[in-house]
Structures are given as C-alpha cells and as structure tokens.
Amino acid sequence: MSADSTDSTPPARIRTPELLPQTPTRSTAQDLQPGLLVDDTPVKRSCSTMQPYTTNTRCRDTTLNAMGNEIRGHLVGPMPVEQFLEEFLPPSTIPDYQPLTSFSDGAFESTLSAAHETKAYEPFINTMTSFAPGLSFIDTHSNADTTNCKLFPFHVKPDICVYANESPPPRAGQPPCDISATEVVIEFKWEPHHNPFYTPANGPGPTSHFISETDKAMDTLGQITSYAAAQLGAQYRTHAFMVLIIFDQAYILRWDREGTTVSSAIHYNEEPHLADFFHRYGQASPALRGVDTSVTPASAEEARLARLQLGLPATKRMLKTTVPGVDNSDSITLVFPAPLPVGQTPIGRCTRACPAYDLGNKKVVMLKDSWRVAIADVLPEGETYKLLKKHNVSNIASCIACHDVPSIPQQAPQTYKFADAPWACSHDTITPHIHYRLVLNIVGKQLCEFESSHQFVAAIRDALIAHKDAYNSAGVLHRDLSAGNVVIHKGKGILIDWDLSKLISIKGARQVTRTGTWQFMSAHLVQNRDARHDVEDDLESSLYVVLWIALMYTETHLTPPVRSLLVKDVFEVNELEGVGSTSKSAFLNSRIQFSKDVFVDRKPLDSLVLALAELFAIRYTLVAREEQKAYVTLCEYIEGLSPDAAELASLINLSKAHPCYRLKMNMEALRSHEKIIEVYDLHLGLDGWVKDPPVAQTITSYDNHHVKRRTFTKSQCGSWVELTTSSKRRRVEG
C-alpha cells in the first residue's frame with residue numbers, strides 16, 4: 001500500500017500501521033526499524049575481509065604488528081611438548097621409525113655461545129643436521145623470497161629454511177629462500193622482550209594468558225604469522241610447522257586454517273624435544289608433515305596443454321588434482337597453476353580460485369579451493385548451488401564437481417580439537433573448518449574488465465536478478481555482494497561465491513564472526529557490529545559495487561586527491577576507532593559530490609548513482625523524537641477505537657500521512673528487489689552511455705602527508721615508523 005493512499009474505507013478489522021521498537025535515548029532512523037539484534041553474526045574485521053579492495057595504505061601495507069594482534073586470539077597453547085609430538089608426529093604413523101638416541105645435555109652449547117643472533121645460525125644448523133639426516137637446514141636470513149612473495153608489502157626472509165632432502169634446496173646461484181619448497185621455517189630472536197609467549201604464573205588454563213601484548217612481542221608474532229601466510233599460500237598444504245627460538249628457549253607451532261597450536265617452552269640445549277621434533281619430521285610422510293597429497297605435480301605434457309589453454313608462460317609451475325563430479329557423474333581431473341601467496345593472516349576460509357584445464361573434457365573451468373566452516377547450519381557451497389539449480393535461479397554458474405577433500409586424521413585442522421584442553425589458555429572462539437574444493441563450469445571476466453560502463457552496470461543488475469531468484473524462490477540470502485563476486489560471462493553478469501550465503505529459514509547467528517567484503521557492506525552493517533544482515537543490506541551493496549568500479553576504472557571530473565578522498569570516505573574503515581564509521585551513511589544523506597557531473601560523458605551513470613544513493617539514504621533518515629512520540633500516541637488512540645467509530649477512517653489516513661509511517665513504507669521498498677532492479681533498468685535504458693573500456697585511476701595515499709622517521713629493526717632492516725592518531729606505530733616499506 002502506498003503512503004499516499006487516501007482510501008477512506010475502514011478495514012473490516014482494525015489494523016493500524018505496525019509500530020516498530022522505540023529506543024529511549026536516540027532519535028534516528030534505527031528507532032523505526034527492527035532493533036539491532038544480537039542474534040546474528042558480528043562482522044569480522046580482518047585482513048581477509050578488509051584488505052582485498054582497500055585503497056587504505058595502512059591496511060594494504062599490513063604491518064607485522066597488526067598481523068600479530070590479529071592472530072593472537074587464534075593461538076591455542078601452551079600444549080605440553082610431549083603431547084604435541086605424540087599428537088602431531090606420532091611414531092606409530094611413521095614406518096620403520098627410528099627413535100632419537102644421540103641427544104645429550106649441552107648439545108647446542110655452541111649456538112648459545114654465539115656473540116649475537118646471526119652468529120648462532122651456523123652452529124645451530126651444524127648441530128641440528130646431525131639429529132635430522134633427512135632434512136637440509138639453510139641460512140636464509142639475508143635473502144628474501146622475491147619470486148613467490150612478490151605480492152607481500154614487505155620482505156619475507158626467515159632466518160633458516162628447512163627443506164626435504166628429496167626436494168633439495170635451491171642450487172648455487174639461486175636465491176636460498178624458496179618458500180614454495182620450504183618444509184619448516186625457523187625464526188630466531190636473541191632478546192627475551194621479543195618473546196610473544198610466556199608461562200602463566202599460576203599455570204596454564206582457560207582463565208590464564210600466555211601471550212605477551214608488548215609491541216615487540218606483537219612484532220615477532222606478526223613476523224612469524226607472515227611466514228606462515230607465505231608458506232601456506234605458496235604451497236598446497238593442510239598445515240605447517242614452525243620453530244621460534246628465543247635464545248635458550250624454543251617453541252614449536254602448528255599452523256592450520258583454524259588457528260595455531262603452540263607447544264610449551266623447550267630448553268633445547270638441555271631437553272631433547274626440539275631435536276626429537278626434527279628427528280621425527282625427517283622420517284615422517286609428506287601427509288604427516290602437512291603436504292596436501294591430493295595435489296600433485298602435473299606431467300610435462302599435461303602442463304604444456306594446460307599452459308596453452310590458460311595462456312600461461314612456459315615457466316609456470318603446474319599442478320594437478322581430481323574432484324568428484326556432482327550427482328554421481330565422472331570425476332574431473334584438473335591442471336592449474338601453482339599459487340602465489342598474499343600478505344593476509346592464514347586463518348579462515350583462505351579461498352584460492354583460478355582457471356583450470358579439465359583434461360578429460362578438454363575445456364577451461366574454474367577451480368575453487370577453500371576451508372569451509374564446519375557448522376551444521378552452514379551449507380557447503382556445492383549444496384547451495386544444488387539448491388539454486390533446483391529452483392531455476394537465473395544468472396549463476398553451475399557447480400560440476402565438489403567435495404570435502406579426504407585426508408588422514410593428522411592432516412585435518414587440529415586447533416579446534418584442542419581449544420578446550422585443560423592446558424589451553426584464554427583465546428577467542430575457534431571455528432572448525434573442513435578442506436573443500438568446488439569446480440564451476442564457466443570462467444568469467446572480472447567486473448573491472450568491462451567493455452563499457454553500460455556493461456558493468458548491466459552485469460550488476462543481472463546479479464541482482466540472481467539475488468532476487470535465490471531469495472524469493474530458493475530461500476537463500478547471498479550476504480556478500482561485492483566487486484569480486486560478480487563476473488561477466490558472454491556479456492551477462494553472473495553472481496558467484498555463495499559460501500557465505502544463509503538460508504533465510506535459519507534464525508540467529510551461526511558462528512561468532514561474519515566474514516564478507518568490508519568495502520561493500522551496507523552503512524548499517526558498517527556502523528553496527530551486531531546488526532542482522534538482511535536483504536536490504538545486499539541491495540544497498542549493489543550501489544557500492546557500481547560506485548567502486550566507476551571511481552576506480554572510469555574517468556571522472558574529480559582530481560586524484562578529491563576522488564581518493566571520496567573513495568576513502570565511502571569505502572574505508574574509521575582509522576581512529578578501528579571499527580566502522582558513519583561516513584558511508586553521511587555520503588548517502590549528503591550526496592554533495594554528485595551535485596554536479598562526476599563521470600566524464602556518462603550522465604546516465606551519474607544519474608544512477610545519485611538515484612540509488614537517494615533511495616538508500618531513506619534508511620538513515622532522522623526522525624525527531626517528538627514526531628515519534630506523536631505517532632505512537634496517534635496509533636495507540638486508533639487501536640482503542642471501535643471498528644464503527646466515525647473518526648476512524650480520517651485518523652487512519654492521518655497516520656498514513658505521518659513521516660514515521662512514510663519512512664516505514666519507504667523501508668519496505670528498500671527490501672524490494674523489484675524496486676531496486678527497476679531503478680537499474682530505467683537508467684540502463686537512457687541515452688548517453690558510451691563505449692568506454694576500463695582505465696585504472698590513480699588513488700592518492702593520504703599517508704604521503706604523514707611524518708615518518710627512519711628506524712632499523714632486525715626483521716625489516718631499514719623501515720619507516722609512523723606515529724598514527726591512535727598512538728600505535730606502524731612500519732611502511734622503506
């Protein structure tokens with residue numbers, strides 16, 4: 001019913017406009033909406049949710065300190081080292097196992113006698129090699145891996161890289177650090193204040209803490225996290241081991257996609273546990289060491305065929321895997337390129353997607369490798385695609401193969417398993433994950449590879465049609481409408497990545513934190529940590545996808561600093577608070593940047609952005625407290641009237657003319673796919689669209705205006721340290 005309706009016929013049964021919950025201290029649009037329910041999943045603010053589309057240098061050049069702070073809640077420990085070895089490298093799983101017998105007290109005396117840290121590497125290597133004949137220990141502290149880690153905003157150069165003898169380390173003349181072949185990373189710190197771990201004074205337990213929160217400790221924790229991210233990102237592994245040495249103490253860490261299990265401290269010159277770890281590791285199978293044995297090197301001929309079909313250079317290393325087909329169809333064998341790691345915390349879904357060559361069917365498909373959340377109400381993405389297909393949802397890809405990747409027990413993530421162990425100190429909630437692969441039948445172009453502005457806007461409209469079909473027919477809410485989740489295939493927009501979707505029949509939160517793409521979340525979700533993610537949030541996200549692509553890949557009348565400021569205000573996190581801000585809703589309400597043409601020779605695009613912004617601004621409209629009280633009083637009075645009261649009809653019409661009721665009616669329009677799609681269709685039909693291929697635009701970093709001081713640290717060598725408004729320090733590439 002329209003807010004302007006003047007129907008004077010009283011209803012057979014009195015129903016006044018539904019009153020929404022009132023808040024006693026605030027006068028905002030949220031007073032006229034469902035309350036901020038805490039029964040939905042809070043937004044997860046991390047590298048994976050905030051970094052992929054950021055223009056914010058502070059977030060893009062993720063500091064080691066920030067990575068340390070992000071990972072600390074996912075550390076489970078200190079696990080008694082004897083149990084650590086028995087759980088993760090049990091001799092019963094190692095054929096022809098030979099126990100360690102040669103260790104003696106003082107074995108690493110030459111290491112501890114070193115004048116300084118860098119002088120300790122060689123004696124440590126010489127001693128440890130005698131305990132682990134199947135491994136090669138290489139000093140890599142002065143040689144960064146610039147081949148595999150080119151996407152990192154800082155150098156990745158562990159102190160020692162351990163390689164398997166059957167996969168020998170780089171030969172003479174090659175850089176000694178190859179993170180794509182590294183088995184174990186060893187990092188040294190010679191000063192105790194660099195130690196991120198300590199033994200709780202009252203012993204370990206759920207109320208104790210074992211992680212130091214000093215800046216130096218967080219730097220160390222972030223540094224080793226970056227090494228784990230590099231190793232797990234450059235290889236197909238289920239988990240990885242690492243050793244951190246703080247002078248005379250050592251810790252063994254096991255990294256997986258749920259978190260990190262940390263051993264208790266080892267006095268490695270007096271106790272055999274560190275030597276025993278490498279002794280066992282050298283005899284262990286690849287699967288026990290953490291190698292994803294479902295992925296193997298492609299043969300020379302398979303690699304040649306795949307490179308030809310995928311347009312890859314002859315030097316690109318190629319891998320192979322097999323995924324079972326859906327609905328009992330034949331398995332699909334795929335050849336695909338080896339991955340490159342990115343500088344993001346290695347916890348969570350850690351999705352890797354790439355085009356792959358289907359050897360059997362001789363065609364290119366899309367392979368997606370991830371770690372799905374293993375919770376009952378979270379459907380595997382393949383099951384979601386099956387549901388969407390059953391309901392004939394438009395503009396989606398077809399899932400042709402998927403499965404939970406089989407593994408031996410020790411290859412499965414283990415952090416969740418030990419999260420509640422009696423020795424486990426306080427930590428954040430650990431979420432269980434399962435290794436998952438999925439194959440789609442198409443490979444689309446990225447949205448930023450459009451042929452014209454009209455095409456990318458039409459693609460977003462197509463994605464909204466898919467979203468509508470999924471919501472109305474299949475009962476599925478996508479919940480991550482972003483620039484990366486809409487692709488163009490044969491000129492049509494396809495909505496992909498349904499792994500964060502949720503059945504609308506499921507009420508309440510399914511997990512502790514909600515992931516998504518920060519830059520494209522609605523202003524409502526950005527401002528309110530515990531707000532329920534609903535259909536209007538996804539519809540509002542479509543505006544930000546349009547605006548993002550338009551600002552980043554089309555010409556504007558804005559100068560680079562003005563465009564950069566607009567991008568920052570609309571898409572970036574509040575730097576001072578570290579949480580969401582009101583700048584996104586402020587943009588919707590003011591729209592001052594669009595008071596004149598923004599996009600060069602594309603008036604329909606200007607008009608579309610302005611129309612959508614005006615529409616979604618309704619959600620953030622202020623309603624005076626007095627207006628709300630008057631509306632409540634009027635509705636209560638109407639409720640008390642008898643159905644045949646003479647004044648009933650006129651009072652109902654008066655209530656419908658009230659600003660509160662109009663806001664309620666407009667809010668219902670914001671939940672309507674048809675209304676939003678109608679706006680897109682109207683503007684797509686206008687004259688004035690031109691054929692304009694994408695042109696990447698310059699974004700000015702506001703960090704250029706900060707004062708930086710040159711400092712030197714062991715982990716980063718020369719680096720710039722900057723004091724930020726939150727009094728935190730951060731390093732920037734020097």
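Author: Helices (H or I, at least four residues) and strands (E, at least two) are DSSP runs, numbered from the N terminus. Leu340 sits in the loop between β10 (332-337) and β11 (352-358). This is a predicted model, in which local features need pLDDT of at least 70 and side-chain atom pairs count only at pLDDT 80 or more, while totals for chains, interfaces and linings use all residues. Residues are numbered from 1 along each chain as its sequence is written, and side-chain values use heavy atoms, leaving out hydrogens and water.

Reader: Why is Leu340 called partly exposed?

Author: Buried means under 20% relative accessible area, exposed over 50%, and partly exposed in between (1.4 Å probe, protein chains only). Leu340 has a relative accessible area of 35%, so it is partly exposed.

Reader: What makes β8 and β13 edge strands?

Author: The open sheet of seven strands runs β8-β9-β10-β11-β12-β14-β13, with antiparallel pairing. β8 and β13 (399-404) each have a single partner strand, so one side of each lacks a neighbour in the sheet. Two strands pair if DSSP finds at least two bridges between them. β11 and β12 (residues 363-373) have seven, in the antiparallel sense, and Cys354 stands opposite Leu367 in β12.

Reader: What does Thr296 touch?

Author: Thr296, in β8 (residues 296-297), contacts Leu319 and Lys320, leaving aside residues up to four places away in sequence. Contact means heavy atoms within 4.5 Å. Thr296 and Leu319 are 23 residues apart in sequence, yet 5.7 Å apart in space, C-alpha to C-alpha.

Reader: How do you know where the buried residues of α16 lie around the helix axis?

Author: Lys584, Ser585, Phe587 and Leu588 are buried in α16 (residues 583-590). Seen down the axis, the buried residues fall within an arc of 150°, so they line one face. The arc is taken from directions from the helix axis to the C-beta atoms. Their cover includes α13 (523-527), α14 (535-553), α15 (560-571) and α17 (603-617).
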